[in-house]
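Please read them against the sequence and coordinates.

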Amino acid sequence: QVQLVEFGGGLVQPGGSLRLSCAASGSIFSIYAMAWYRQPPGKRRDLVAAISSGGSTHYADSMKGRFTISRDNAKNTVSLQMNSLKPEATAVYYCNAEISSSPGRSSYDYWGQGTQVTVSS
């Protein structure tokens with residue numbers, strides 16, 4: 001069984017910064033892509049940023065230059081540094097990871113429980 005747990009959400013003023021972290025634990029053989037998604041109130045869940053096992057990154061256009069995704073393969077963690085936050089960034093942020101539990105077995109997508117980020121004065 002695999003579990004993803006997010007940390008670091010909270011309330012921040014517009015223009016401020018916040019760092020989210022996510023730790024994967026359990027029956028893990030290999031972690032492939034890791035990513036952050038967000039879901040604003042009443043809207044769909046969309047990709048924020050993704051990072052491959054080799055460190056290649058991809059960002060949604062509106063996040064480029066302000067958000068940075070990183071990962072620590074030794075610790076099975078992924079982080080999202082968010083700078084110059086705007087009120088429209090208010091959402092529940094979800095960690096996602098593609099994980100294989102043993103050699104030769106298929107990988108599956110796993111999700112964290114989500115962490116609330118609120119950008120407001």
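1. With neighbours within four places in sequence left aside, Thr-90 touches Pro-40, Pro-41, Gln-116, Val-117, Thr-118 and Val-119. The model is a predicted one.

2. Thr-90 belongs to the loop between β8 (77–82) and β9 (91–100). Its relative accessibility is 19%, and because the cut-off for buried is under 20%, Thr-90 counts as buried. A polar atom of the Thr-90 side chain lies 2.9 Å from the backbone oxygen of Pro-87.

3. Arg-45 is placed over two rings. Its charged end sits 3.6 Å from the centre of the Tyr-94 ring. For the ring of Trp-111, over which the charged end of Arg-45 also sits, the distance to the centre is 4.7 Å.

4. Side chains of opposite charge can pair when their charged atoms come close. Over the whole structure, the search returns two salt bridges. One joins the side chains of Arg-44 and Asp-46, at 2.8 Å from N to O. Arg-44 is exposed, at 64% relative accessible area, whereas Asp-46 is partly exposed, at 31%.

5. Another salt bridge links the side chains of Asp-61 and Lys-64, with an N to O distance of 3.2 Å. Asp-61 has a relative accessible area of 64% and is exposed.

6. On aromatic pairs, how many does the count come to? The rule gives one aromatic pair. Such a pair of rings is described by the distance of the centres and the angle of the planes.

Technical notes. Residues are numbered from 1 along each chain as its sequence is written. This is a predicted model: local features need pLDDT of at least 70, side-chain atom pairs count only at pLDDT 80 or more; totals for chains, interfaces and linings use all residues. Side-chain values use heavy atoms; hydrogens and water are left out. A salt bridge is a side-chain nitrogen of Lys or Arg within 4 Å of a carboxyl oxygen of Asp or Glu. Buried means under 20% relative accessible area, exposed over 50%, partly exposed in between (1.4 Å probe, protein chains only). Rings of Phe, Tyr and Trp (its six-membered ring) pair if their centres lie within 6.5 Å; planes under 30 degrees apart count as stacked, over 60 as edge-to-face and the rest as tilted. A charge sits over a ring if NZ of Lys or CZ of Arg is within 6 Å of the ring centre and within 35 degrees of the ring normal. Helices (H or I, at least four residues) and strands (E, at least two) are DSSP runs, numbered from the N terminus. A polar contact is a pair of N or O atoms within 3.5 Å; within protein, one must be able to donate a hydrogen and the other to accept it, and residues adjacent in sequence count only if both atoms are side-chain atoms. Contact means heavy atoms within 4.5 Å.
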